[in-house]
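Let's take a walk through this structure together. Have a look at the sequence and the model first, and then we'll go through them piece by piece.

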Amino acid sequence: MSGENLLELDNVSKFFPIGGFFSRARMTAVNEVSFALETGRPEIFTIVGESGSGKSTLAKMILGSETADRGTIRFDGADVAGMRSRGAREAFMTRVQPVFQNPFEAFNPLTRIDEYLFSTAHRFKGAKNRADREALTDVALQRVGLSLAEIRGRYSHELSGGQLQRVAIARALIPEPKLIVADEPVSMVDASLRMSIVNLFRELRDTLKVSIIYITHDLATAYYIADRVIIMRKGVVVESGDARTVLDNPQHEYSIALKNAVLPPDPHDASAIIRERQQDAGASAPRKIVSA
Ligand SMILES: Nc1ncnc2c1ncn2[C@@H]1O[C@H](COP(=O)(O)OP(=O)(O)O)[C@@H](O)[C@H]1O
Ligand SMILES: [Mg+2]
């Protein structure tokens, strides 16, 4: 049944206790969410919703760092919650990699950033000697428009947020994952650099055939890159489907409100905004990504 799906969520719910230690009250952070990503069909699957709608909780459950209270999450047919042994966990992590919102939190300021990439190459690709680690690191960095020569010996504070987020994406690419879960990856990045990073996800989908779960509260970037979209509100998926269909003509009042708050009512104006953003981003666009 699930052999055809890379990722499959089936009625997934998550509850958090509220009202203090002795209270039994709980709030529903994620409420019966279901969707599936097909194997061999790389896409940008976008989860859109305002702050507090349950997006990060959903991402953590997909990554296995939170467990679902109800429902199941399967990756390649195997229950993510059942991957308890270290071996199973490592194998899962080579195939599913995260990119987080704040790249400065992902890198310790006292550790050279190249060392992070080398140790990822060692851990996930078994690169034993320095030359192999450097080669794998350089390939990953080139895919995001950087190179090892540019970041060698440098610390996180010496890079811009946009550059560091590219490094974080490069690190996620080293294990050659099938799925990247990117939770608000551009919200801490300078507005002028956002579109170039968003474009990078598209390039990665096409050149590396990696699926991407792109999480955002920003409907404009969702409109621009999503293949499919789900719109979440208070833990519930209120609308889902083909991104153009949903975002051009939202049906649910929340989706309509979300759209009106971000995009002008005329879709031609919307594409003008997106073009403008692209031009903004063009000034600092990455070098052409080397194909696989
Ligand atoms: N560890 C936690 N403990 C208690 N409540 C949480 C926890 N994580 C998230 N929540 C609550 O769950 C809801 C959804 O949060 P979150 O998944 O972070 O939403 P989003 O990423 O869409 O902003 C929020 O009301 C948040 O306060
Ligand atoms: Mg969040």
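To sort residues by class, count Ala, Val, Leu, Ile, Met, Phe, Trp, Tyr, Cys and Pro as nonpolar, Asp, Glu, Lys and Arg as charged, and the others, Gly among them, as polar. This is a predicted model, where local features need pLDDT of at least 70, side-chain atom pairs count only at pLDDT 80 or more, and totals for chains, interfaces and linings use all residues. Residues are numbered from 1 along each chain as its sequence is written, chains are lettered from A and ligands numbered from 1 in the order in which they are written, and side-chain values use heavy atoms, with hydrogens and water left out.

Let's start at ligand 1. Around it you'll find Phe-16, Met-27 and Ala-29, then Glu-50, Ser-51, Gly-52, Ser-53, Gly-54, Lys-55, Ser-56 and Thr-57 (a residue is near a molecule or strand if one of its heavy atoms lies within 4 Å of it). Sorted by class, that shell has three nonpolar, six polar and two charged residues.

Now for the polar contacts, meaning pairs of N or O atoms within 3.5 Å; within protein, one must be able to donate a hydrogen and the other to accept it, and residues adjacent in sequence count only if both atoms are side-chain atoms. A polar backbone atom of Gly-52 sits 2.6 Å from an oxygen atom of ligand 1. For Ser-53, a backbone N or O atom is 3.1 Å from an oxygen atom of ligand 1, and for Gly-54 a backbone N or O atom is also 3.1 Å from an oxygen atom of the ligand. On its own, ligand 1 has 560 Å² of accessible area, and the protein covers 61% of it (Shrake-Rupley method, 1.4 Å probe; for residues, only the protein chains shown count as cover).

Which elements give two or more residues to this shell? They are strand 2 (26-38) and helix 1 (55-63), with helix 1 giving the largest share, three residues. Helices (H or I, at least four residues) and strands (E, at least two) are DSSP runs, numbered from the N terminus.

Strand 1 (residues 5-17) pairs with strand 2 over nine bridges, and Phe-15 stands opposite Thr-28 in strand 2. Five bridges also join strand 1 to strand 4, where Ser-13 has Arg-70 as its bridge partner. Strand 4 and strand 5 form a hairpin with two residues between them, and Asp-76 in the turn has a positive phi of about 50°.

There's another open sheet, this one of six strands in the order 6-7-8-3-9-10, with mixed pairing. Strand 6 (96-99) and strand 10 (236-242) are its edges, each with a single partner strand, so one side of each is left without a neighbour in the sheet. Strand 3 (residues 44-48) and strand 8 (residues 211-216) run parallel, joined by five bridges; Ile-47 has Ile-215 in strand 8 as its bridge partner.

Definitions and conventions. Pairing = 2+ DSSP bridges.
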